[in-house]
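Reader: I am new to protein models. Please show me how to read one, feature by feature.

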Amino acid sequence: MQKSLKDYIVIAIKGLAMGAADVVPGVSGGTIAFISGIYEELIETINKIDLQFFKVWKKEGLKQAWITYNLSFIVALFSGIAISILSLAKLIKWLLFNEPLLLWAFFFGLVLASILYIGKQISTWNIKVFGSLLIASVLSYTITIVEPIASPDSNLYLLFCGFIAIIAMILPGVSGAFILLLLGAYQTFIDILNQLRDGLVKLDFDLLWGAISKIIFIAIGAILGLKLFSKILNWMFKNHKNVTLAVLTGFMIGSLNKLWPWKEVLSWRMNSHDQKVPLLEKSILPNQYVQDPQLINVIVFVCIGFVLILGLERIAANRRK
């Protein structure tokens, strides 16, 4: 059915919501797509895009190729996503520097509720499901405590991160920002987005090119990941749903160590701006934290994050009914 301008504006607004979710570890853009009723169209459109587009363009013209591949939908949606991500990146960077305990507490609450949300969808528990849950939990926890395999500023590492994080667009419940956190590249991605935004606002082409060159590597990784993983993950979800849900749940359980608000820095590294930033951190108890642990405030923000996911779950349940 042909969409109107109003329909595309609504799609762009849904893209804004997806972009906001993608910036926040623990909330998946795929979940927002699922809740807002565009998940199936998104997956179908992405899977359909291939090099045959140019063949249709040559044979039937650009307009027909554009309609055949539903590109108006993609442009409207991804425009909303891009605007939202660029708008929120500055705020996230400020919070990471000025209110890290409260920000991590909020993220911790989001993921904690997501564990319950995904886990309770497992309909049958058996040895295979328990084993998948345990292995995924251990693997995820191990990733949070080992030294990154490469500098998050490396272009090849950015390509790898884009390749892995794109899973968030395929399955509801998996957050791309959350995967970037596990890979140690979340703040690097936020810095790149802020660099792009500043370059656009100030018309500083050096800043702009520095950001775009990194985004190109991320985009290449994301495109490769999307095409390779989309069919595999959809097949896994349809044929081994309980195991897949168990792996997702275990992955989130192990990640809670990364999101724990109170940390002790074990080692440091220099980023691409010659700034000293944490490399390895260890989770500690609030009473071991050298600064004000803000225990009450942290608990409040954990609860806010937790309730937010429950609210999204309620919306999704009402839509299904």
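**Reading the fold**

Author: Start with contacts, meaning heavy atoms within 4.5 Å. Residues 24 or more positions apart account for 73% of the protein's contacts with a separation of 6 or more. This is a predicted model, where local features need pLDDT of at least 70, side-chain atom pairs count only at pLDDT 80 or more, and totals for chains, interfaces and linings use all residues. Residues are numbered from 1 along each chain as its sequence is written, and side-chain values use heavy atoms, with hydrogens and water left out.

Reader: How many helices and strands are there in the protein?

Author: Helices (H or I, at least four residues) and strands (E, at least two) are DSSP runs, numbered from the N terminus. The protein has 14 helices and two strands.

Reader: What percentage of the residues count as buried?

Author: Buried means under 20% relative accessible area, exposed means over 50%, and partly exposed lies in between (1.4 Å probe, protein chains only). Of the protein's 321 residues, 47% count as buried.

Reader: Which residues touch the most other members of the largest nonpolar core?

Author: In soluble globular proteins, nonpolar side chains tend to be buried together. A nonpolar core is a set of buried Ala, Val, Leu, Ile, Met, Phe, Trp, Tyr and Cys residues joined through side-chain atoms within 4.5 Å. The largest core here has 78 residues, and Met-18, Leu-77, Phe-107 and Tyr-186 touch the most other members. Helix 7 (residues 100-119) gives the largest share of this core, 14 residues. There is also a second, separate core of five residues, including Val-56, Ala-65, Tyr-69 and Leu-71.

Reader: Now helix packing. At what angle do helix 11 and helix 12 pack?

Author: Axes are lines fitted to C-alpha atoms, for helices over the stretch in contact, and angles run from 0 to 180 degrees between N-to-C directions. Helix 11 (residues 186-202) and helix 12 (residues 205-239) pack at about 135 degrees, with their axes 8 Å apart. Angles under 35 degrees count as roughly parallel, over 145 as roughly antiparallel, 65 to 115 as roughly perpendicular and the rest as oblique. Helix 11 and helix 12 are therefore oblique to each other.

Reader: Which residues make that contact?

Author: Helix 11 brings Phe-189, Ile-192, Gln-195, Leu-196, Asp-198, Gly-199 and Leu-200. Helix 12 brings Leu-207, Leu-208, Gly-210, Ala-211, Ile-212, Lys-214, Ile-215 and Ile-218. Sort them by class: Ala, Val, Leu, Ile, Met, Phe, Trp, Tyr, Cys and Pro count as nonpolar, Asp, Glu, Lys and Arg as charged, and the others, Gly among them, as polar. This contact of helix 11 with helix 12 has ten nonpolar, three polar and two charged residues.

Reader: Is the crossing of helix 9 and helix 12 left-handed or right-handed?

Author: A crossing is left-handed if the near helix is turned anticlockwise from the far one by less than a right angle, and right-handed if clockwise. Helix 9 and helix 12 cross in the right-handed sense. The crossing of helix 11 and helix 12 is left-handed. The axes of helix 9 (residues 155-165) and helix 12 come within 6 Å and cross at roughly 35 degrees. By class, their contact has ten nonpolar, four polar and one charged residues.

Reader: How do helix 12 and helix 13 pack?

Author: Helix 12 and helix 13 (residues 241-259) pack at about 115 degrees, with axes 5 Å apart. That makes helix 12 roughly perpendicular to helix 13. Met-236, Phe-237 and Asn-239 of helix 12 meet Lys-241, Thr-244 and Leu-245 of helix 13.

Reader: Next, backbone angles. What is phi of Leu-203?

Author: Most residues other than glycine have a negative phi, and most peptide bonds are trans. Phi of Leu-203 is near 55 degrees, a positive value in a residue other than glycine. Leu-203 lies in the loop between helix 11 and helix 12. With a relative accessible area of 61%, Leu-203 is exposed. Gln-294 also has a positive phi, near 50 degrees. Gln-294 sits in the loop between strand 2 (276-283) and helix 14 (295-320). Its relative accessibility is 23%, so Gln-294 counts as partly exposed.

Reader: Is Ser-137 buried or exposed?

Author: Ser-137, in helix 8 (residues 127-145), counts as buried, at 14% relative accessibility. Leaving aside neighbours within four places in sequence, Ser-137 is in contact with Gly-250, Phe-251, Ile-253 and Gly-254.
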